[in-house]
Amino acid sequence: MNYVHFVKTACVAVALASLLGIMCTAGAEAQSNKPIILADEGYFFVGGQYTKVGERQFMAGQMYVQYLFPEVVKHRYPIVMMHGTGLTGNNFLGTPDGRRGWAYDLVSLGYRVYVIDQVGRARSGSYPEIYGPYAHLAVGDWEPLFTGQERYNRFPQARLHTQWPGGPGVAGNAAFDQYYAQTVEFLASAAKTEELMFPAGIALLEKIGPAILLTHSQAGVFGWKLADARPDLVKAHIAVEPNGPPFYDVNFLGGKEWYADSAQVGRAWGITRIPLTFDPPAGSPSELKMVRQEKPDSPELLRCWLQAEPARQLLRMKGVPIAIVSGEASFRATMDHCTSKFLTQSGVKNTHIRLENENVHGNGHMMMLEKNSREIALIIGNWIEKNVK
């Protein structure tokens, strides 16, 4: 179904509605099935430079950006949406069971929206000769943590998962099959991806001006780096289940001892793999002294790795409104509090939105594709309206 209708004369109806006092607010669920009127839509590329591989010339470092502008813009700052590992901007355009995606939900609230494909992936171009080796997640990589966790129970919250369309998100479920069909290869090196995404993100913000970042999963690290480098251009960062927790990755095992830290540090700068601007300055990651909680905040949560006190501060991020959004039944529900604690300890105020505390239950890591996705988009919209001036 095509939900988008280009109806220029609709501005008359909008004006009349305004006169009658009918407002489209973040809580207007009744608007969910109405046609969305776009003033403009299209795409462009940012970044990129010509480079040679042998005697052949290519472009590398470019990033694809799709934009959707509502007929009536109600907010000063646009929203830039950045997807996670193994996926593309399609995550935000629609759901695997055929509903509107978050991009259109936010457009319906009056936001200009930009949706990217990560550098080195999908419409931005894939070049192993330039970027290095690629990886592709198999069905068995997605099901236990992302879409069908209630079948595997590798972490305590898994049994609470109820929101994947059509039941558990496993092969044979039509919604999962549609989801897996859209997965793509991605750069095997997460650090290389961060290095490539940083200049592309700066180029985008410098082109469109100050914006709100909405990142998911892997893309959370992109948002932290951009907010640290250009707080003048990042007016807020909504990090939906950001890559984490601080420092170490986690392996989920199930059973009584249901997780173990990775053998190697995953994010040497705490919440990123590339340098952040700490005060006092840290010339290398080894200068960030780590300490682990003696016991978890509760049995279903990880013991956090944080900075040893006195903690270095992230002064440049202090003025950027930040929200971390966590689903009740996600593997990230075990760890996102650690990212929130790391930011707080580093002097960065943030709001940790646990969806169950908003009376929204049963969501996993891919919440933007789940049955109640619009409800979550409205919660994000409400937070922006309250916190971004």
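The structure is a predicted model, in which local features need pLDDT of at least 70 and side-chain atom pairs count only at pLDDT 80 or more, while totals for chains, interfaces and linings use all residues. Residues are numbered from 1 along each chain as its sequence is written, and side-chain values use heavy atoms, with hydrogens and water left out.

**The chain as a whole**

The protein chain has nine helices and 17 strands, these being DSSP runs numbered from the N terminus (helices H or I, at least four residues; strands E, at least two). Its C-alpha trace spans about 60 × 55 × 40 Å along the principal axes. The radius of gyration is 21 Å, which agrees with the value near 21 Å for a compact globule of 389 residues; the radius is taken over C-alpha atoms, and the globule rule is 2.2 Å times the number of residues to the power 0.38. Of the 389 residues, 57% count as buried, a term for under 20% relative accessible area, with exposed over 50% and partly exposed in between (1.4 Å probe, protein chains only). Among contacts (heavy atoms within 4.5 Å) with a separation of 6 or more, residues 24 or more positions apart account for 73%.

**Helix H7**

Helix H7, residues 220-229, is mostly covered, since 10 of its 10 residues are buried; including Trp-224, Lys-225 and Asp-228. The elements against which these buried residues pack are listed below.

| Partner of H7 | Residues |
|---|---|
| Strand E6 | 79-82 |
| Helix H6 | 190-208 |
| Strand E10 | 211-216 |
| Strand E11 | 234-240 |
| Strand E16 | 322-326 |
| Helix H8 | 336-345 |

**Helices H4 and H5**

Helix H4 (residues 139-147) packs with helix H5 (residues 174-181) at an angle of about 120°, and their axes are 12 Å apart. The two helices are therefore oblique to each other, given that angles under 35 degrees count as roughly parallel, over 145 as roughly antiparallel, 65 to 115 as roughly perpendicular and the rest as oblique. On the H4 side, Val-139, Trp-142, Glu-143 and Thr-147 meet Phe-176, Tyr-179 and Tyr-180 of H5.

**Asn-372**

Asn-372 lies in the loop between strand E17 (351-354) and helix H9 (373-387). This residue counts as buried because its relative accessibility is 10%. Leaving aside neighbours within four places in sequence, Asn-372 is in contact with Gln-163, Val-360, His-361 and Asn-363.

Note on methods:
Axes are lines fitted to C-alpha atoms, for helices over the stretch in contact, and angles run from 0 to 180 degrees between N-to-C directions.
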